[in-house]
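Subject: Structure for you to look at, with notes

Dear colleague,

I am handing over the structure below, together with my notes on what was found in it. Please read the notes with the structure open beside them.

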Amino acid sequence: LLPTLLLSLNKAPNYLTGKIACDERVVFFPTLANKINATHWHVPIHGWIFEPETESKKRRVAIKGLGKLFQVSDAEEKRLLKRRLMWFTVDNQS
């Protein structure tokens, strides 16, 4: 049983094993904690593991298409659009 478990963990996704690659980013979201009693707290932790994929062709095409759709022509507006859309065009790991 133990060898089977170890073999299956070896093939498990990185977010289950705790192995995070150097090109991946980890973001933790703000949360609220609840005091359960004098010595214990309940603290939910929510996070996101992803690769930014800044050079992705799909990402470039999506941003360019949305820029045309929203008629973005100014260089500063294009930069802002790219920065905001980055969060929607990453390579999610979870």
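The notes that follow go from the overall fold to single residues.

Please keep in mind throughout that this is a predicted model. The protein chain has four helices and five strands, and read along the sequence these elements follow the pattern α-α-β-β-β-β-α-α-β. Of the 94 residues in the protein chain, 17% are buried.

The sheet

Three strands form an open sheet with antiparallel pairing, and their order across the sheet is β1-β4-β5. The edge strands are β1, residues 25-28, and β5, since each of them pairs on one side only.

The aromatic cluster

F50 also belongs to a group of rings, for ring pairs link W48, F50 and W87 into a cluster. A pair of aromatic rings is described by the distance of the centres and the angle of the planes. The count of aromatic pairs comes to three. W48 lies in strand β4, residues 47-51, while W87 lies in the loop between α4 and β5 (91-92), so the pair ties together parts of the chain that are 39 residues apart in sequence. With a relative accessible area of 40%, W87 is partly exposed, whereas W48 counts as buried because its relative accessibility is 18%, which is under the 20% limit.

F50 and W87 form an aromatic pair as well, in this case edge-to-face, with 5.7 Å from centre to centre and 70° between the planes. This pair, too, links distant parts of the chain, with F50 in strand β4 and W87 in the loop between α4 and β5, 37 residues apart. F50 is buried, with a relative accessible area of 0%.

The largest pocket

Where does the lining of the largest pocket come from, and which element gives the most to it? The largest pocket has a volume of about 250 Å³, and the residues that line it are T54, E55, R59, R60, I63, K64, G67, K68, V72, K78, L81 and K82. The elements that give two or more residues to this lining are α3 and α4, and α3 gives the most, with six residues. By class, the lining has seven charged residues, three nonpolar and two polar.

S56 is placed in the loop between β4 and α3, and at 19% relative accessibility S56 counts as buried, because the limit is 20%. The side chain of S56 reaches the backbone nitrogen of R59 at 3.2 Å, and a polar atom of that side chain lies 3.3 Å from the backbone nitrogen of K58. R59 is also among the residues that line the largest pocket.

What is the accessibility of Q71, and where does this residue lie? Q71 lies in the loop between α3 (57-69) and α4 (75-85), and Q71 is exposed, with a relative accessible area of 68%. The backbone of Q71 deserves a look in the model, as its phi is near 55°, a positive value in a residue other than glycine.

A residue of α4

L85 is placed in helix α4, and this residue is buried, with a relative accessible area of 15%. The C-alpha atoms of L85 and A62 are separated by 9.1 Å, and the two residues are 23 residues apart along the chain.

The largest pocket, for its part, takes two or more lining residues from each of α3 and α4.

With best wishes

Technical notes. Residues are numbered from 1 along each chain as its sequence is written. This is a predicted model: local features need pLDDT of at least 70, side-chain atom pairs count only at pLDDT 80 or more; totals for chains, interfaces and linings use all residues. Side-chain values use heavy atoms; hydrogens and water are left out. Buried means under 20% relative accessible area, exposed over 50%, partly exposed in between (1.4 Å probe, protein chains only). Rings of Phe, Tyr and Trp (its six-membered ring) pair if their centres lie within 6.5 Å; planes under 30 degrees apart count as stacked, over 60 as edge-to-face and the rest as tilted. On a 1 Å grid over the protein atoms alone, a cavity is a set of points where a 1.4 Å probe fits but cannot get out, and a pocket is an open set with protein on both sides within 12 Å along at least five of seven lines; lining residues have an atom within 4 Å of a point. Grid points are joined across faces, edges and corners, and a volume is the space filled by probe spheres set on the points. Ala, Val, Leu, Ile, Met, Phe, Trp, Tyr, Cys and Pro count as nonpolar, Asp, Glu, Lys and Arg as charged, and the others, Gly among them, as polar. A polar contact is a pair of N or O atoms within 3.5 Å; within protein, one must be able to donate a hydrogen and the other to accept it, and residues adjacent in sequence count only if both atoms are side-chain atoms. Two strands pair if DSSP finds at least two bridges between them.
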